[in-house]
Amino acid sequence: MSEIEAQVIMATSFDEAHPPENIMDGKDNTFWSTTGLYPQEFIIYLPSMHQIVKIKINSYAIRKISIERTTSDQPINFERFMETEYAGGHPRPQHEIHQLNKIQARFLK
C-alpha cells in the first residue's frame with residue numbers, strides 16, 4: 001500500500017521500535033509490535049477510493065483477524081468483509097494472501 005500513500009491514522013498500541021506504520025511497509029523484516037491485550041486495532045487511510053484486490057498478512061501467534069472497510073470520507077460505518085480464525089496451539093508465524101473481489105474502500109480497519 002505504500003505506493004498509494006496510505007497512512008495508519010490510528011492504532012491501539014505503539015512501540016517506538018516497531019511502530020504501526022510497519023504494518024504496510026511491505027518488508028518481511030519489520031513488524032508492528034502490540035501489547036498482547038485483545039483486541040488490537042488499526043485504521044488505514046486511503047487518500048481516495050481504492051479497489052482492494054489482495055491482502056497479504058504476515059503475523060505471529062494471532063487468534064483471529066477481522067478486516068473491515070468503509071467508503072465514507074470519514075472513518076465511520078465500517079463493515080466487515082473478511083474474517084479468519086487461526087488454529088490454537090504453539091505460537092508460530094502465519095503467512096496468508098487473501099484474493100478479494102475488488103473491495104471498494106476509503107478506510108480499512
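Here is a short walk through the structure above, from the whole protein down to a single residue. Please keep in mind that this is a predicted model.

Let's start with the overall build. Along the principal axes, the C-alpha atoms fill a box of roughly 40 × 30 × 25 Å. As for the surface, the accessible area comes to about 7400 Å², with 49% of that belonging to carbon and sulfur atoms. Of the 109 residues, 31% count as buried. Among contacts between residues at least 6 apart in sequence, 62% join residues at least 24 apart.

Now for the sheet. The 5 strands form an open sheet in the order β1-β2-β5-β3-β4, with antiparallel pairing. At the edges stand β1 (7–11) and β4 (79–85), and because each has a single partner strand, one side of each is left without a neighbour in the sheet. On average, neighbouring strands are turned by 30° against each other, direction ignored.

At one of them, β1 pairs with β2 (residues 42–60) in the antiparallel sense over 4 bridges, and here V8 stands opposite I44 in β2. Over in β4 you will find T84. With a relative accessible area of 14%, T84 is buried, because that value is under 20%. Leaving aside neighbours within four places in sequence, T84 is in contact with R63, K64, I65, E96 and H98.

Note on methods: Residues numbered from 1 in each chain as written. Predicted model: local features only at pLDDT ≥ 70, side-chain atom pairs only at ≥ 80, totals over all residues. Heavy atoms only, no water. Pairing = 2+ DSSP bridges. Helix = DSSP H or I, 4+ residues; strand = E, 2+ residues; numbered from the N terminus. Axes fitted to C-alpha atoms, helices over the stretch in contact; angles between N-to-C directions. Buried < 20%, exposed > 50% of the residue type's maximum accessible area, 1.4 Å probe, protein only. Contact = heavy atoms within 4.5 Å. Areas by Shrake-Rupley, 256 points an atom, 1.4 Å probe, with all protein chains shown as cover.
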